[in-house]
Amino acid sequence: MAGHKGMAHAHGSLNRVALSATLHCLTGCAIGEVLGMIIGTALGWGDWATIALAVVLAFLFGYSLTMLPLVRSGVAVGAAIPVALASDTVSIAIMEIVDNAIVLLIPGAIEAGLADGLFWGSLAVALLIAGVAAYPVNRWLIARGRGHAVVHAYH
């Protein structure tokens, strides 16, 4: 019975860490994705140029959100970069693939203007689904000492 309680606690803790890691990556993705979509839409860029900018900014902000606390705690930037790459790349990639696929599949979403509810609604729904898609992968990676488990070694 005690072993079962310990197992439930371990799974609960793993679930919390995976959720935290997913929300962390989702925050960086959302900042970059929203900013990229706003810039591309405001400048009248085409769909693929806007998506490319959004993806680049999502990775940039995702990695930055991981690196910032590491650098503040004294980890050199050169050492923080590989940690961010190891911890966030798979999660951000999944989120970006899912997010952008959904925005492209929703009729008129990518063409919607900044003042259009379809623009914001489709982006919100796409990011939410992207986070749900990334959670089990983050959980699996953390359970194997990969993904955000790499960052936790520095805390």
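**Overall architecture**

The structure is a predicted model. The secondary structure of the protein consists of five helices and zero strands, and along the sequence the elements follow the pattern α-α-α-α-α. Of the 155 residues in the protein, 37% are buried. When contacts between residues at least 6 apart in sequence are considered, 71% of them join residues at least 24 apart.

**The nonpolar cores**

In soluble globular proteins, nonpolar side chains tend to be buried together. The largest nonpolar core of this model has 30 residues. Met37, Ile92, Met95, Val103 and Leu123 are the residues with the most contacts inside this core. Four helices each supply at least two of the core residues: α1 (2-42), α2 (47-72), α3 (77-105) and α4 (117-143). Helix α3 provides the largest share of the core, with eight residues. Apart from this core lies another one, of five residues, which includes Leu14, Ala21, Ile142 and Ala149.

With neighbours within four places in sequence left aside, Ile92 is in contact with Cys25, Cys29, Ala58, Phe59, Gly62 and Tyr63.

Ser91 lies in helix α3. Its relative accessible area is 1%, so Ser91 is buried, the cut-off being under 20%. Beyond its neighbours within four places in sequence, Ser91 is in contact with Cys25, Ala134 and Asn138.

Glu96 also lies in helix α3. Which side chain of opposite charge is nearest to Glu96? That side chain is Arg72, and it is 22 Å away. Glu96 is buried yet has no salt bridge. The contacts of Glu96, leaving aside neighbours within four places in sequence, are with Cys29, Glu33, Ala54, Val55, Ala58 and Phe59.

**Residues of helix α2**

Thr50 is placed in helix α2 and counts as buried at 3% relative accessibility. Not counting residues up to four places away in sequence, Thr50 touches Gly36, Met37, Gly40, Thr41 and Trp45.

Ile51 is likewise found in helix α2, and its relative accessible area of 8% makes it buried. Setting aside neighbours within four places in sequence, Ile51 is in contact with Met37, Asn100, Leu104 and Ile110. Met37, one of these partners, is also touched by Thr50.

**Residues of the loops**

Trp45 lies in the loop between α1 and α2. Is Trp45 buried or partly exposed? Trp45 is partly exposed, because its relative accessible area is 40%. Together with Leu35, Ile39 and Leu43, Trp45 makes a nonpolar surface patch of about 350 Å².

Ala112 belongs to the loop between α3 and α4. Ala112 is buried, with a relative accessible area of 4%. Apart from residues up to four places away in sequence, Ala112 touches Thr41, Leu118 and Phe119.

**Separation in sequence and in space**

The table sets the separation along the chain beside the C-alpha to C-alpha distance for pairs that involve residues described above.

| Residue pair | Separation in sequence | C-alpha to C-alpha distance |
|---|---|---|
| Ala112 and Ser122 | ten residues | 9.7 Å |
| Thr50 and Glu33 | 17 residues | 9.5 Å |
| Ile51 and Val103 | 52 residues | 9.7 Å |

Val103 is one of the residues with the most contacts inside the largest nonpolar core, and Glu33 is one of the residues in contact with Glu96.

Key: Residues are numbered from 1 along each chain as its sequence is written. This is a predicted model: local features need pLDDT of at least 70, side-chain atom pairs count only at pLDDT 80 or more; totals for chains, interfaces and linings use all residues. Side-chain values use heavy atoms; hydrogens and water are left out. A nonpolar core is a set of buried Ala, Val, Leu, Ile, Met, Phe, Trp, Tyr and Cys residues joined through side-chain atoms within 4.5 Å. Buried means under 20% relative accessible area, exposed over 50%, partly exposed in between (1.4 Å probe, protein chains only). Contact means heavy atoms within 4.5 Å. Lys and Arg count as positive and Asp and Glu as negative; His and the chain ends are not counted. A salt bridge is a side-chain nitrogen of Lys or Arg within 4 Å of a carboxyl oxygen of Asp or Glu. Patches are made of residues with over 30% relative accessible area and no salt bridge: like charges are joined within 9 Å, nonpolar side chains (Val, Leu, Ile, Met, Phe, Trp, Tyr) within 5 Å. Accessible areas come from the Shrake-Rupley method with a 1.4 Å probe; for residues, only the protein chains shown count as cover.
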